[in-house]
Amino acid sequence: MSISELSKLFNVTEETVRNDLAELQSDNTVKRVRGGAFLIEPSDNEVPFGIRSEMLKNEKEQIAKTCIQFIKSGDTIALDSSTTVNCLAKEIEQSDLSITVITNSIVNANILMNCKNINLVVLGGVLRSKSKSLIGQVTDESIKRYVVDKSFVSCSGLSMKFGPTDTNEQEARIRESFFQASETNYLLTDNTKFDYRTAFLISHFDLIDYVVTNEEPAKKWRNYLEKNKVKLLV
């Protein structure tokens, strides 16, 4: 929920809501994001797509604008089903790039389906309505049929110990497969995901070439990425 919604619901000031959310986060009950928070649950705790698409919208658009600078006509790229990468699909729609796009996202497909300069490949699989994505063995096996120049993948959390993680096992597997099929890999992550871990590993840092974010992370992260030969794009 957003801070403004909670303020109206409980008839308290937004400052009171912020203080209460800070306390709940310290108890690991909620995860705070700019303008609100969502519940942390033990199972598939991914926030519904419609809510995620509105959360941190400016930050995601900023990340997308950075990424599109690295896409060139003639590229074959892979786009995952995250809302951050959906913003990149919108940037591609507005560009004059002539590229091949491989995706498991129904949303990306809908954005790009009428672009005459885009060769669009939509992977098959089982529809996961929560993320509007196609997942499963068919999806995973299909990825292996392609040679990709650049993959653009997001995550639910990013930790130094483990790497990027996801809330859903099959989504994590598909994101890893995109990385494995690609020559150059971009991990798109907003500033709230650093030092946050979810249940399912996407990949280790050795598969990641670039981390793209909306603001410069803490010095410990800058040093860590440099040590692991991962370039930071802000």
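Reader: Which helix is Thr83 found in?

Author: Thr83 is found in helix 5, which spans residues 83-93. Bear in mind throughout that this is a predicted model.

Reader: How do I read whether Thr83 is buried or exposed?

Author: Look at the relative accessible area; under 20% is called buried. Thr83 has a relative accessible area of 6%, so Thr83 is buried.

Reader: What does the side chain of Thr83 make a polar contact with?

Author: The partner is the side chain of Lys60, at 2.7 Å.

Reader: Now salt bridges. How many does the structure hold?

Author: The structure holds 12 salt bridges. One of them joins Glu91 to Lys65, with the closest N and O atoms 3.1 Å apart. Because Glu91 lies in helix 5 and Lys65 in helix 4 (residues 57-68), this pair ties together parts that are 26 residues apart in sequence. Lys65 counts as partly exposed, at 46% relative accessibility.

Reader: What separates Arg173 and Glu169 in helix 8?

Author: Arg173 and Glu169 are four residues apart in helix 8 (residues 169-181), so about one helical turn separates them. Their side chains meet in a salt bridge of 3.4 Å, N to O.

Reader: Which residue forms a salt bridge with Lys220?

Author: Asp195 does, and the closest N and O atoms are 3.4 Å apart. Asp195 lies in the loop between strand 11 and strand 12, while Lys220 lies in helix 9 (residues 219-227), so the pair ties together parts 25 residues apart in sequence. Asp195 counts as partly exposed at 47% relative accessibility, and Lys220 counts as partly exposed at 47%.

Reader: Which residues are linked with Glu14 in a network of salt bridges?

Author: Glu15 and Arg18 are linked with Glu14 in that network.

Reader: On to strands. How many residues of strand 11 are buried?

Author: Strand 11 covers residues 182-188, and six of its seven residues are buried, so this strand is mostly covered. To place a strand in a sheet, follow its bridges. Strand 8 (residues 148-154) runs parallel to strand 11, and six bridges join the two. Within that pairing, Ser151 has Asn185 of strand 11 as its bridge partner. Strand 11 also pairs with strand 13 (residues 210-212) in the parallel sense, over three bridges. There, Leu187 stands opposite Val211 of strand 13.

Reader: In what order do the three strands of the open sheet come?

Author: The order is 9-10-12, and the pairing is antiparallel. Strand 9 (157-159) and strand 12 (200-201) are the edge strands, each pairing on one side only. Two bridges join strand 10 (residues 163-166) to strand 12, and the bridge partner of Asp166 in strand 12 is Phe200.

Reader: Last, the surface. Which residues form a nonpolar patch?

Author: Met1, Leu9, Phe10 and Val12 form the patch, with about 420 Å² of accessible area together. Val12 is found in the loop between helix 1 (3-10) and helix 2 (14-26). With a relative accessible area of 33%, Val12 is partly exposed.

Conventions:
Residues are numbered from 1 along each chain as its sequence is written. This is a predicted model: local features need pLDDT of at least 70, side-chain atom pairs count only at pLDDT 80 or more; totals for chains, interfaces and linings use all residues. Side-chain values use heavy atoms; hydrogens and water are left out. Buried means under 20% relative accessible area, exposed over 50%, partly exposed in between (1.4 Å probe, protein chains only). Two strands pair if DSSP finds at least two bridges between them. A polar contact is a pair of N or O atoms within 3.5 Å; within protein, one must be able to donate a hydrogen and the other to accept it, and residues adjacent in sequence count only if both atoms are side-chain atoms. Patches are made of residues with over 30% relative accessible area and no salt bridge: like charges are joined within 9 Å, nonpolar side chains (Val, Leu, Ile, Met, Phe, Trp, Tyr) within 5 Å. Accessible areas come from the Shrake-Rupley method with a 1.4 Å probe; for residues, only the protein chains shown count as cover. A salt bridge is a side-chain nitrogen of Lys or Arg within 4 Å of a carboxyl oxygen of Asp or Glu.
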